[in-house]
Amino acid sequence: MKIISTLMSTTLTLIVYSSLSLAQENLSIKTVKTTNPTKTHWGYTGHSSAEKWAELSPKNKICATGKNQSPINVITSIDADLEALAIAYTNPSSSVLNNGHTIQVNMQAGNTLNIDGISFELKQFHFHTPSENNIDGKSFPLEAHFVHLDKDNNIAVLALMFEEGEANANLAKIWEKMPLKANEKNSIILEDIASVLLPSQREYYRFNGSLTTPPCTEGVRWFVLKTPVSISKGQVAKFLKVMKHPNNRPIQATNARVIVK
Ligand SMILES: [Zn+2]
């Protein structure tokens, strides 16, 4: 009897653990799409810098142990017959948030990216300076990440590089409303902001990767646009001043991954 009850309680514990870990998983995916100020103290400098993320919380373990981490140096060697990205960013933005790690533009519902026969919805886009991914060893002054989720919370990120040149008029509309302090949010209703930021040429590099911020969740579909758009020196400087320091995770090992173009 005692054995049976021990067994039962073990089973129960296992069930509780597995639903707990499921809940945690959902929670960690939710942090991708929600705009709540972060409660963890990870960052890009000092004791909370990228090299230490895995030590900050057990939830971040994969930041250190993962084999498919982002960002990477995109080496452009393998040709593939890639399908065109079916981007339909038709609905406006809702707000622009300074979450202490980046400036993030939250989107209203209904903006989609269709790929692999799956419909992903654009939740938000945000920025890193300098770029997180490199292309053939080249870094860019700014990189935008358009973060999408499908109905099962699978993640797809479309990355856009900015190169120094003329001021970017579309970016200026966002920079104007950029909250200067962490955890501040401003309303920003821009009709077609996500689509006008993108170049008309939308060829891309594709690989598997992860979130570039804790908890570094893997299984992310990455699409890096080949064509950069323009940003002025002053626009980069303004972003860096608000962030106070670069907000790019260092390049991670490619390991066994294949990058296709
Ligand atoms: Zn990002």
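**Entry 1: β6 and β8.** I started with the pairing of β6 and strand β8 (residues 142–149). The two run antiparallel, and 7 bridges join them. I am working from a predicted model throughout.

**Entry 2: β6 and β4.** Next I looked up strand β4 (residues 103–107). It runs antiparallel to strand β6 (residues 118–128), with 3 bridges between them. Here I noted V105, which has F125 of β6 opposite.

**Entry 3: β6 and β5.** Which way does strand β5 (residues 112–115) run against β6? I found an antiparallel pairing, held to 4 bridges. T112 has E121 as its bridge partner in β6. I then checked the connection. β5 and β6 form a hairpin, and 2 residues lie between them. D116 sits in that turn and has a positive phi of about 60°. So far I have β6 bridged to β4, to β5 and to β8.

**Entry 4: L85.** I moved to L85, in the loop between β1 (73–74) and β2 (86–88). Is L85 partly exposed or buried? I count it as partly exposed, because it has 17 C-beta neighbours inside 10 Å, and buried would take 20 or more. I listed its contacts, leaving aside neighbours within four places in sequence. They are L113, I115, R202, Y204 and F223. L113 and I115 fall within the residue range of β5, 112–115. I also took a distance to the hairpin turn.

**Entry 5: the core.** I looked up the largest nonpolar core and found 48 residues in it. Those with the most contacts inside the core are F146, V157, L158, A159, L160, A194 and V224. Which strand gives the largest share of this core? I found strand β9 (residues 155–164), with 8 residues.

**Entry 6: L158.** I followed L158 from that list. Beyond its neighbours within four places in sequence, L158 is in contact with L113, F146, F223 and L225. L113 and F223 had already come up as contacts of L85.

**Entry 7: the whole chain.** The chain has 6 helices and 13 strands. Of its 261 residues, 33% are buried. Residues 24 or more positions apart account for 68% of them.

Key: Residues numbered from 1 in each chain as written. Predicted model: local features only at pLDDT ≥ 70, side-chain atom pairs only at ≥ 80, totals over all residues. Buried ≥ 20, exposed ≤ 12 C-beta atoms within 10 Å, placed from the backbone. Contact = placed C-beta atoms within 7 Å. Pairing = 2+ DSSP bridges. Core = buried A, V, L, I, M, F, W, Y, C linked by C-beta atoms within 7 Å.
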